[in-house]
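Welcome! Please take a moment to look over the sequence and the 3D structure before reading on.

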Amino acid sequence: MPVTSLRPRWSYRPLQVAYSGASSAGCSKNAIVPFLKRSALERPVPVRRTACTASFSRPRLLPRCVRPFPHRTTGPAPRPHPIIINPRNSGGRLIAGTRIDLEITLMGRAIARLVEILAAFQACSGRSIGQEGASPSPIAFTEAQPLAYRPLAVPHSSQAWRIAWKTPLQVPFRPDRSTISFERLLSSMISKTRMCCYYHQDQALDVDYYALRDKARSVVIEHEDLHLVKAFYRSSRHGESVNLSGLVGSVTCRSSGTIAPFIPFLQFASACHCGKKGIYGMGEMTIEDLDPTPSVRRTVTGSVHFSKPCFPRCLPSDQLALMIDSLPRAWELIRKKGARGGIDQVAVDDFALKADQHLSHLKGLLTGHRYCPEAQVIFHIPKNVRETREIRLLTVADKVVQQAFRLALEPCIDARFHDFSYGYRPGRGIRRAIHRLRHELSLHGPYAISVDIDDFFDTLDHSTLLEIARSAGMEDEVLRILEMWISIGGIARRTYWKDHTEGISQGSVVSPLLANMYLHPFDQFTVDEGMTMVRYADDWVAVAQTIEACEEILAKISAYLGQALHMTINPPSPPLHFQEQGVEFLGTWIRGDWIAMAPAKLAKKRAFLKELVRGDAPLEEKLHILRDKVGHWRRYYRNLLSPAPAEEMDFLLIETLKQLITNTDKAERKAITPLPLFRDHDQAELLRIQKTILSAPRIQAPPAGTPVTAKTAVKRVRRSTKRALDLQGEIVIDRPGVVLGKTQKKITLRFKGEKIHEAPIRGLRQILIMSRGVSISSDLIRLAAQRNIAIDYIDYNGRPYARLTTPSFPRQETGRCQLAAYTNGRGACLIRKLVLGKVNNQFALLKYFNKYRKNQEAFSQAFATAATRLESIIKTMKSEPISELNAEQARSAAWESQAAISYWQVIRQMSIGFEGRERKGAQDKVNVMLNYGYGILYGRLWWGITLAGLHPTISYLHQGRRDDPTLVYDLIEEFRAPVVDRTVFALCSKKALINVSDQGILDKDSRLRLSEAVLKRLHTVVDFRGQEKTLMGIIVHQARAVARFLRQEAGDYVPFSAKW
């Protein structure tokens, strides 16, 4: 439930209840509230009574989970009551005849039951209040009047406000602390709002808790007037005392931003009370605006004069003393980091030998105002292909002093930074910045501008930085030390001196802190202008609701950075982002809840992997480089990316490993462990991946000097990637005893109770079961029916014997057209086209094999003879007119038989152990493999026919037994040669290990090897009529083309012609 929709959900209803007790002693006002709650309100408004025992690592409520707490609790979770009863009269005890006004606040579903609640109050008339045995104190219900909605009397632009508590506030608070933080107060408000939304609105509160907490940290409690009030209420029903102690008073808050992000929660807390025990009237609060100056928006142009950059005065008066006291701790941090030495060639280990003497010397220099840093060592590292980045090395002593400077002053300075400033700040890293941007896009989007400052660290203006530091209250001596740090020169290339007139050293301990100080005036400018922004160092993204607003923001910021801070920005490319298309920030691409790697970053990583494969280094060295690189990628991206982009990175790494171990011996291949993968995997998954990588075939290297164009290389990569992705949608089961089941988003395979494999449901298209004793859960069968996932069963001979399909039937119109094709000539035309496609593809396959066997005389002669016959048959089939159905069946069958004779005669000369085609009872290896491969292909054709809406038993070329899927036998003819024949003959030519028993059955490994080869061939990408399609996609396309042809939606059916 969005935060912005909270306000209209809550309603106020006052009720006036008259007390007319007969007892002269009267009763306590505190007794009325629990009495009414217990007697009248609990019954008409039921609340949920179940609880969830799960625990959450983040304070975020999930749908259908009752307990809205991020921590563990025992027993049922506490539930907020949907009704708040607040006595509006002041005073303690009530005497007989006294009238008391009760303000009743209803929330969520309780609002719709107002009539029942009023009736319950009427039913309370005449009942007594008080302890048992005391004099009766009856009450009488008088009237109820509606109370108008009271919006919060604080404008959204306010930067200062006061919160006052009339009744005790119960929040976690330590009396020994001087102040209570606004973050703690806001957390209490969010927690109660979140619970009420869930229990009484049936919706989870959709809010970025971390982003709000970051904003709350920027709110400073300027004045606090809180005192602890101790009170207890004796509950006669429970027989125990209820602690009503809490804080009473007020706090004054001031924010560098505005109150706008906190308005919904402050509004709710002012209506339904803050903290615990709100049903007893505790935590009643009011809010008062203390910022009388409304926000003024200014139009910035090139001629506007900006105020001088400054920083809020925040530094203590004893800065140098704090630095001196921090020297020992600073040395420990430098020592643990193991930093390199500088120009004096004193390393950390050398400094440690006489650490006490060095620290005492530094203390004397700082105390006597005689400290001066040493020169720096300057060198360059590559920034990108065309640019380098300058790095400066400091001596260990200078690093210790700079670390002491940071320890002494950073807490005061960091507290003044804005909450949208990230980078180089404790606890505000990349992950927090990206989630903050997602939050801002959801509230203030959908447009954004992503910009960075050009050469920020190298062009930072020294005089401006010193003025900003002086405005923060930096002492003269500390300011002198800072000026020396930023202006000291160094030795470049060990040969010449280089002055440092602008910029700050990258590699310096204080550079990150100084960079954020320098950009703080820029942050304040965006706040004053009402802009929404997230900044990480010199990279920032501004968010707006219109394109014009984005353009205005860019113009204003460019003018301010140029005139006030002497900076320029890199032209944004692209200049504008739309939330639905994605926003690039810090190397990621953000689109809603989906976070992927930025396209440019992903392209660099692909290029690195390709260059690594092409390199001449030994395999062990390549694997070392890859592990080191993947480690850096994991540390940066692992907790950022969504599951799909992370899986894509793993796929790239697996393919890289396959290419690295190609043409290496078994001893070298063992070096791939541990696998350098992007995601975390369990042991079973790692073993499966390792097996996949080690089973990669040896690839014949192309002949030296063979040119490969860039277009061809890209085409190969694209096709291999598509095939690999399509293969992920296939599951092949070849082991008895496997149980297939379904989890939330994955399909699991278990053997003897242990999980052996799991695959994502998304993208799954086919399940092929080649073994007996395999079980499938009903949940998985239902999922397969809903998503059109084919489940096929084939026996050891490759014959399909079962198929699980949905109880849906082909379209009646298509079925009638299939029957009408027997008489309208379209059935006969289809017969001719199917046979012509089969002969064409057989001829194309022979041409393909002849291309690589021109030096084999027997094969060449057989091919020449067969080519003449096949060309003649094809020419005749194209020229002869089409007869009626029965005659066309006979003629086409004759042409098919003649072509098959020529085709198999050429195959016999391939020296693969093939003597002739046998269908039933085959014993030789080639025929057994062909029959098994055709069985796999039958299931794919059947699936394509089902998707096309065709009836599988209405056919034209083949006539089988009753209920046989003979249309599958018709359409398979086009695909036998390019799919199965080519795969089987290639395996036999490569002398793949295929074992056949005496009964003509392939063994388990052979079946698995053949099925994998056929599936790879089915998902191979080929050129198809100007497009790139897999053979599986072509099968579906041709089945739909047949359906369109029979329904007379297409003029002619064009058979599939394979390329050779």
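Here is a short tour of a sheet, a cavity and a residue in a loop.

This is a predicted model, in which local features need pLDDT of at least 70 and side-chain atom pairs count only at pLDDT 80 or more, while totals for chains, interfaces and linings use all residues. Residues are numbered from 1 along each chain as its sequence is written, and side-chain values use heavy atoms, with hydrogens and water left out.

**The sheet**

- Helices (H or I, at least four residues) and strands (E, at least two) are DSSP runs, numbered from the N terminus.
- Four strands make up an open sheet in the order 28-27-26-30, with mixed pairing; two strands pair if DSSP finds at least two bridges between them.
- Strand 28 (754-760) and strand 30 (775-776) are at the edges and have a single partner strand each, so one side of each lacks a neighbour in the sheet.
- Strand 26 (residues 738-742) pairs with strand 30 in the parallel sense over two bridges, and Val739 stands opposite Ser775 in strand 30.
- With strand 27, strand 26 pairs in the antiparallel sense over five bridges, and Lys742 stands opposite Ile747 in strand 27.
- Three residues lie between strand 26 and strand 27, which form a hairpin.

**The second largest cavity**

- The whole structure holds five cavities of 30 Å³ or more; on a 1 Å grid over the protein atoms alone, a cavity is a set of points where a 1.4 Å probe fits but cannot get out.
- The second largest cavity has about 50 Å³ of space, where a volume is the space filled by probe spheres set on the grid points, joined across faces, edges and corners.
- Lining residues have an atom within 4 Å of a point, and among them here are Asn841, Tyr848, Arg982 and Trp1060.
- Helix 25 (826-851) and helix 30 (976-989) each supply at least two residues of this lining, and helix 25 gives the largest share, four residues.
- The lining has six nonpolar, one polar and three charged residues; Ala, Val, Leu, Ile, Met, Phe, Trp, Tyr, Cys and Pro count as nonpolar, Asp, Glu, Lys and Arg as charged, and the others, Gly among them, as polar.

**Ile954 in its loop**

- Ile954 sits in the loop between helix 28 (925-948) and helix 29 (966-971).
- Ile954 has a relative accessible area of 11%, so it is buried (under 20%, with a 1.4 Å probe and protein chains only).
- Not counting residues up to four places away in sequence, Ile954 touches Gly815, Gln818, Leu819, Tyr822 and Leu967, with contact meaning heavy atoms within 4.5 Å.

Notes. 1 Å grid on protein atoms, 1.4 Å probe; cavity = no way out; pocket = protein on both sides within 12 Å on 5 of 7 lines; lining within 4 Å. Buried < 20%, exposed > 50% of the residue type's maximum accessible area, 1.4 Å probe, protein only.
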